[in-house]
There are 2 protein chains.
Amino acid sequence: MHKMPEQILLGHGSGGRLSQDLIKNIMLPAFQNQALAEMHDGARLTINGTKLAFTTDSYVVKPRFFPGGNIGKLAVCGTVNDLAVCGAQPLYLSAGFILEEGLSMAEFRQIVASMAEMAAAAGVEIVTGDTKVVEKGAVDGIYINTAGVGAMLPGVQIAANRVKPGQDIIVSGFLGDHAIAVMSERHGLTLPAQIVSDCAPLNKLIQKLLTEVPEIAMLRDPTRGGLATTLNEIAVDAGVGVMLDENLIPVRPEVQAVCALLGFDSLYLANEGKVIVFVEKELSEKVLTIMHQTETAGAACVVGTVTEKMSGQVVLKTKIGGLRLLDMLSGEQLPRIC
Amino acid sequence: MHKMPEQILLGHGSGGRLSQDLIKNIMLPAFQNQALAEMHDGARLTINGTKLAFTTDSYVVKPRFFPGGNIGKLAVCGTVNDLAVCGAQPLYLSAGFILEEGLSMAEFRQIVASMAEMAAAAGVEIVTGDTKVVEKGAVDGIYINTAGVGAMLPGVQIAANRVKPGQDIIVSGFLGDHAIAVMSERHGLTLPAQIVSDCAPLNKLIQKLLTEVPEIAMLRDPTRGGLATTLNEIAVDAGVGVMLDENLIPVRPEVQAVCALLGFDSLYLANEGKVIVFVEKELSEKVLTIMHQTETAGAACVVGTVTEKMSGQVVLKTKIGGLRLLDMLSGEQLPRIC
């Protein structure tokens, strides 16, 4: 294993290679336990016979308001989605606020209102919380942590080790909208068409999928690090290869244009309302039909397949027919995207 | 109700009057639900027949290392204690880190090691987490959020409405050590004797108390806002008065000396390893005997009683025999104490 740097780098929060380093070299050895070692989007626990999922995320998005949402909306949707992709019905959230002295009360109210609205949309309750205020300059306006508890859906078994060669990989819609929306707002870019974050709660869609297609092997939401990083994690955990077809990957032309202009790769951009599904080929149509009936997943499609070869790796068949190895995100493309 | 200020003030994070304003005027109306409205240290929930407690706190203590602990130790003990005073056995914690680019990896390791050590001491597992890194200046080194899930102890009914006139109020030990230890470190004070934070997990003590004295009516840990603020909250919630005897309140002479010098009031100082117990007079001795057998509560004593008169108020019988009304903390004595 390579040597850890002596200081925390922005990349340690990227969701990519350096984040993994931090988890594997510091967190796992210190906190060692089974639930953490599974390295899912949340822990799966059993308390007095009841099966639960438990997850947390802190949100530091900059700027805190962006096309399609704000930090409050993100804080509820992100944690709801992490519970959903564990195979759980999200039920209860906590909310921990760290506020900067001088933050406008009107903005704070608006952020809290968005949280309430998203909680209602997702059917969860925000039942406990905490507010700290720090002096001017000790936080950038507002950071929010949400943790969530959900009830595992009976009969569902979402696990990387159920990903097998031959399965299809489905993405629920256009990639990169969230990252580009936030980035454009941050830098005041004037784009030909406004790009809006995809931030949305996915739990109702996912619950419908898992009820009607309980055979689904694996789910994951491609947030920080994007599709490529998420698939790399799964390929390693499952001991399989992944073959993606660039022609099939849904990216809006306007997002592609911004990426081309600024040198971003849409496959590494964060999404906040998308899910990746691994399922046997013969069940793909069934999954897609369910997805296409919804607004959030109307553009869902198969983007690739699981292979036996190239275990632990993700390969992209490019538009011009070449093969490109997609590594995990190293460093950080866009800090503070969520 | 008075008008809310147009900006967030440091006092909104004090745990006192302004914190209550924020909760009552913004959070409760937005998130309205039963568990939140109970305003305990955590939410009490039932999922598929299993009774749980769920709580969260963010930790922003400054400086992050202080005599007797660091931000990591605090982040585990604080959330463990919040679950314990709900009447639950703490089981699982989440950890959400917000790190500043450039934070020393050695310091981060030390903080994580303290978390692991405290989790082991308390018998809980840190099962899920998240790490965000923000650019230099966007956070002061490291903030940590922990959320916790616990199993409610059977037969236990900790509730403000069980607090009744005639009951004794017990405090488990010396007040103010944590606040003065942090404050001294922050300002580089040279004190005649070093004061060490009382930060410690209380769950084993509390579980023993609740098992042997299930009649205990109410528990609360007097953190931000101190003993006076915590008792004010309970007095209002329970619709009773509280009469404290200054001669009985345990404060170390060296803490009292710093308070006298700097104008702090020990009754409003944060504690991180103390619990307040409300129990019928005839059971006080039993509670004290259990406490005195432990290291963390060796100095436990009765500090006052619940009264029928002065409902919703806390009155201190001073050393010279006068009566002083102790209001809830207004404003902020010591920001970033936890």
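Good morning. Chain A can be laid on chain B by a turn of 180 degrees and a shift of 0.0 Å along the axis, with an RMSD of 0.0 Å; copies are superposed by least squares on the C-alpha atoms of residues with pLDDT of at least 70 in both. That is the relation of a two-fold axis. In chain A, the C-alpha nearest this axis belongs to A:Val139, at 2.3 Å from it.

A word on conventions. This is a predicted model, in which local features need pLDDT of at least 70 and side-chain atom pairs count only at pLDDT 80 or more, while totals for chains, interfaces and linings use all residues. Residues are numbered from 1 along each chain as its sequence is written, chains are lettered from A and ligands numbered from 1 in the order in which they are written, and side-chain values use heavy atoms, with hydrogens and water left out.

How do the copies meet? They meet through the same surface, because 100% of the interface residues of chain A are also interface residues in chain B.

I turn to a sheet in chain B. Helices (H or I, at least four residues) and strands (E, at least two) are DSSP runs, numbered from the N terminus, and two strands pair if DSSP finds at least two bridges between them. The sheet is open and has five strands, in the order S1-S2-S7-S5-S6, with mixed pairing. At its edges are strand S1 (43-47) and strand S6 (125-134) of chain B, each of which pairs on one side only. From one strand to the next, the twist averages 20 degrees; axes here are lines fitted to C-alpha atoms, for helices over the stretch in contact, and angles run from 0 to 180 degrees between N-to-C directions. Within chain B, strand S2 (residues 50-59) and strand S7 (residues 142-152) pair in the antiparallel sense over eight bridges. B:Thr55 stands opposite B:Gly148 in S7(B).

Next, the charged pairs. A salt bridge is a side-chain nitrogen of Lys or Arg within 4 Å of a carboxyl oxygen of Asp or Glu, and by this rule there are 31 salt bridges over all chains. One of them joins the side chains of A:Arg220 and A:Asp41, at 3.3 Å from N to O. This pair links distant parts of the chain, 179 residues apart: A:Arg220 is in strand S9 (residues 218-220) of chain A, and A:Asp41 is in the loop between helix H2 (34-37) and strand S1 (43-47) of chain A. Both A:Arg220 and A:Asp41 are buried, where buried means under 20% relative accessible area, exposed over 50%, and partly exposed in between (1.4 Å probe, protein chains only).

Another salt bridge connects the side chains of B:Glu135 and A:Arg336, at 2.9 Å from N to O. B:Glu135 lies in the loop between S6 and S7 of chain B and A:Arg336 in the segment after strand S14 (323-325) of chain A, so this pair joins two chains. B:Glu135 is partly exposed, at 21% relative accessible area, whereas A:Arg336 is buried, at 5%.

In chain B, the closest N and O atoms of the salt bridge between B:Glu212 and B:Lys208 are 3.0 Å apart. These two residues are four residues apart in helix H6 (residues 203-212) of chain B, and are therefore separated by about one helical turn. Finally, A:Asp57, A:Arg224, B:Asp130 and B:Lys132 are linked in a network of salt bridges.

Note on methods:
Contact means heavy atoms within 4.5 Å.
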